[in-house]
Amino acid sequence: MSQRFVALGDSFTEGVGDPDATRPNGVRGWADRVAEQLAAADPQFRYANLAIRGRLLEQVIAEQLEPALALQPDLVSLYAGGNDLLRPKADIDALAARLEDAVGQLAKTGATVLLFTGVDGVEDPVFRKLRGRTAIYNEHTRVIAARHGALLVDMWGMRQLRDRRLWSADRLHLNSLGHTEVAIAALEALGRPHLLSPAALGSREPADRRRQRAENLQWGREHVLPWIGRRLRGESSGDTLAAKRPQLLPVN
């Protein structure tokens, strides 16, 4: 039974898209939800979350791997590389090699390692263009998981995550419903019981082209242009932030 859970990564694991003003960095996310369910069954359970939004894979490894190893977790999650894949010149094979090195170091400790594939963006006209490189990175991740005995949450196969009602307004981050879906999948991968319920959204409304155009324009103004501006200035959304749970602490 896992009692020391350390989560590594970027905005996905930090919990961006799932706002909660009562929590450090103002977000909750799937990892917090998993920790809450594990803690409910074990008063000795402790949880740390080192993830910071905007981090590239190399930054995640350089900043978070050694602190995570020092915490001596028996369960560790790692997802990174999504921000790299947004960059046109990303070397996917090099990313996979770096990921495998980190997973190997974590697995050697005897901890259970939890990995994730990226989501299939086939139904989004923008993120569909990243589908090929995401699929290649996912295949690398599957091989790495099998080679090192890691558990895998296959978000590519979670068809419910194609529904934009599970995503925040920026279209990059899951909302509270989406983070709950991932938490359920993670707990099932771990073989642990839980009390979380999947979203009951019903059927989707037929597409309205005029409304879609208006929403795309709003998205571009509010989210794409600021992201481009940060790239041009060499800034990241996480530059002023620290890990929200740098130490292993009780969940409640």
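**A cavity and its aromatic surroundings**

A search of the whole structure finds one cavity of 30 Å³ or more. The model examined here is a predicted one. About 40 Å³ of space lies within this largest cavity. Its lining is made up of Leu78, Tyr79, Ala80, Leu99, Leu115, Phe116, Tyr137 and Thr141. By residue type, the lining comprises seven nonpolar residues and one polar residue, with no charged ones. Three elements, namely S3, S4 and helix H6 (131-148), each contribute at least two residues to the lining of the largest cavity.

The whole structure holds six aromatic pairs. One of them joins Tyr79 and Phe116 in an edge-to-face arrangement, with 6.3 Å between the ring centres and 85° between the planes. This pair brings together distant parts of the chain, since Tyr79 belongs to strand S3 (residues 75-79) and Phe116 to strand S4 (residues 112-116), 37 residues apart.

The charged end of Arg164 is placed over the ring of Trp167, at 4.8 Å from the ring centre.

Definitions and conventions:
Residues numbered from 1 in each chain as written. Predicted model: local features only at pLDDT ≥ 70, side-chain atom pairs only at ≥ 80, totals over all residues. Heavy atoms only, no water. Phe/Tyr/Trp six-rings, centres within 6.5 Å; stacked < 30°, edge-to-face > 60°. Helix = DSSP H or I, 4+ residues; strand = E, 2+ residues; numbered from the N terminus. Lys NZ or Arg CZ within 6 Å of the ring centre and 35° of its normal. 1 Å grid on protein atoms, 1.4 Å probe; cavity = no way out; pocket = protein on both sides within 12 Å on 5 of 7 lines; lining within 4 Å. Points joined across faces, edges and corners; volume = space filled by probe spheres on them. Nonpolar A, V, L, I, M, F, W, Y, C, P; charged D, E, K, R; others polar.
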